[in-house]
Amino acid sequence: MRNEATALVLLCTLTAPLAGQEAGDGRGTVYRVPVNGVIELGLAPFIERSVREAESADAVALVLDIDTPGGRVDAAERITDALSDAAIPVHAYINRRAFSAGAMISLAADEIHMRPGAVIGAATPVVGSGERAPEKIVSAMRSTMRALAEARGLDPRVAEAMVDEDIEIPGVVEAGKLLTLTTEEAVELEWARAVEDWEALMLAIGAAGAPVQDADVNWAERIVRFFTHPAVAPLLLSLGFLGLIVEVQSPGLGLAGAVGLVALSLFFGSHLLIGLAGLEGLILFVAGLVLIALEVFLVPGVGVLGFLGAAGVLGGLYMSLLGELPTAGDFGRGAGILSTSILIVLVASWYFVRRLPSNRRLGRSGVFLRSETARETGYASAVRREDLVGRPGIAATDLRPSGTGIFGGERIDVVSEAEWVQKGTAIEVVASEGYRHVVRPMEATEAPTPEGDAS
């Protein structure tokens with residue numbers, strides 16, 4: 001009896017963890033992360049954050065709900081790194097299609113599940129025109145796909161055939177054709193498991209009845225993706241350049257310089273967060289600004305520093321628009337954004353120079369001065385002294401040609417018609433132009449009697 005009781009206690013002890021595990025199935029949270037639309041660099045931080053949150057919540061699984069035509073290879077590489085390092089099970093649920101970068105992301109999951117009618121493959125990287133990317137990029141993609149397949153215990157030749165049409169697999173794909181697998185074909189090759197719908201997927205991964213937490217893009221990620229949008233980035237650059245240009249033309253640190261610095265900070269900060277800009281681009285940009293400052297403030301007129309500074313600024317901005325593995329489309333996109341920014345700056349500068357000074361409101365407010373101003377507005381430079389014309393006096397100083405003359409005991413700044421007039425010479429005012437009084441020497445017979453001390 002004692003032996004039977006001991007055996008019963010031992011059996012309960014051994015089976016308790018298993019019973020607890022079965023009871024716990026379905027009670028943990030499943031994180032569902034959408035991977036929809038074109039894969040761009042803004043998606044990578046979102047998935048990285050989702051993985052961290054799922055790990056912190058001790059989720060039973062993270063499921064990628066995939067329906068994408070592909071996208072940027074460098075974005076897909078960041079995502080695959082996050083998925084491969086995840087401390088929780090990761091499942092890829094191909095809800096419609098997983099082409100190109102979507103196929104790479106699917107391979108990073110622990111298991112691939114496909115609904116009926118889904119497809120995966122066609123992972124050859126292409127340039128903006130739709131043509132095949134250079135061999136360097138294709139080779140990198142092919143090696144990455146092969147490594148991911150080997151790590152998951154899948155046939156690496158199938159992964160390579162999705163990238164390179166020159167690879168032939170007897171009975172699967174012939175040479176010259178790129179491999180794309182349907183659900184049935186992927187199941188036959190033991191690359192994926194077929195599931196009818198989401199409920200069937202939850203049952204297949206052992207999480208039937210588990211609560212599902214949908215991952216959403218937060219406000220910070222929305223802002224970052226907004227500032228890196230191809231339509232917004234040129235405006236930030238243009239605003240930054242205009243602010244700095246106005247600041248250089250104005251004394252002290254003003255509102256224009258602050259706005260320019262904020263705009264450029266938003267541009268570089270958002271591009272750094274999503275991985276487009278690197279520190280090398282930022283360093284090159286700052287070095288260019290320093291060279292331009294040296295040209296403007298320390299050694300004006302040299303030209304070389306200004307040219308090198310402009311090249312550094314433009315080079316740094318262009319590098320921040322490319323990313324780590326840029327294609328021809330990325331080069332064209334970056335050039336388009338930079339060219340648009342330069343065009344906006346030129347047009348805005350022309351408008352400021354040609355139009356704003358003639359604005360009546362700005363003229364009345366005193367921001368811009370008119371070519372002609374009235375005394376009642378407070379802009380009279382000097383009173384015209386018509387009474388001085390023809391009046392004789394004495395040169396109180398040498399006129400070289402400007403100096404001082406005494407007229408009836410009044411000291412007045414004058415300028416001589418001649419190149420030089422000696423001190424004490426009799427002079428006569430021949431013209432009065434506001435602050436400028438023109439004089440000429442008088443003949444000895446015309447010389448007046450001094451009415452003041454000319455010393």
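Trainee: Where is Gly42 placed?

Mentor: In this predicted model, Gly42 lies in the loop between β1 (30–36) and α2.

Trainee: Why is Gly42 called buried?

Mentor: Set the value against the cut-off. The relative accessible area of Gly42 is 4%. Buried means under 20%. So Gly42 counts as buried.

Trainee: What separation is there between the C-alpha atoms of Gly42 and Glu221?

Mentor: They are 7.5 Å apart. Along the chain, 179 residues separate the two.

Trainee: What makes Leu83 stand out in the largest nonpolar core?

Mentor: Count its neighbours. That core has 60 residues, and Leu62, Leu83 and Met145 touch the most other members. Leaving out residues up to four places away in sequence, Leu83 touches Ile47, Val51, Leu62, Leu64, Val90, Ile105 and Ala108. There is also a second, separate core of 19 residues, with Phe227, Leu237, Leu321 and Leu338 among them.

Trainee: Why would nonpolar side chains be found together?

Mentor: In soluble globular proteins, nonpolar side chains tend to be buried together.

Trainee: What makes strand β3 mostly covered?

Mentor: Strand β3 covers residues 90–99, and seven of its 10 residues are buried.

Trainee: How do you know that β2 and β3 pair?

Mentor: Count the bridges. Strand β2 (residues 61–68) is joined to β3 by six, and the two run parallel. Pairing needs at least two bridges, so β2 and β3 qualify. One example is Leu64, whose bridge partner in β3 is Ala92.

Trainee: How do you know that β9 and β12 pair, and in which sense?

Mentor: Strand β9 (residues 392–395) and strand β12 (residues 426–433) share three bridges, in the antiparallel sense. At least two are needed, so they pair. Here Ile394 has Ala426 in β12 as its bridge partner.

Trainee: What is the order of the strands in the barrel?

Mentor: Five strands close in the order β9-β10-β11-β13-β12, with mixed pairing. From one strand to the next, the twist averages 55°.

Terms used. Residues numbered from 1 in each chain as written. Predicted model: local features only at pLDDT ≥ 70, side-chain atom pairs only at ≥ 80, totals over all residues. Heavy atoms only, no water. Core = buried A, V, L, I, M, F, W, Y, C linked by side-chain atoms within 4.5 Å. Buried < 20%, exposed > 50% of the residue type's maximum accessible area, 1.4 Å probe, protein only. Contact = heavy atoms within 4.5 Å. Helix = DSSP H or I, 4+ residues; strand = E, 2+ residues; numbered from the N terminus. Axes fitted to C-alpha atoms, helices over the stretch in contact; angles between N-to-C directions.
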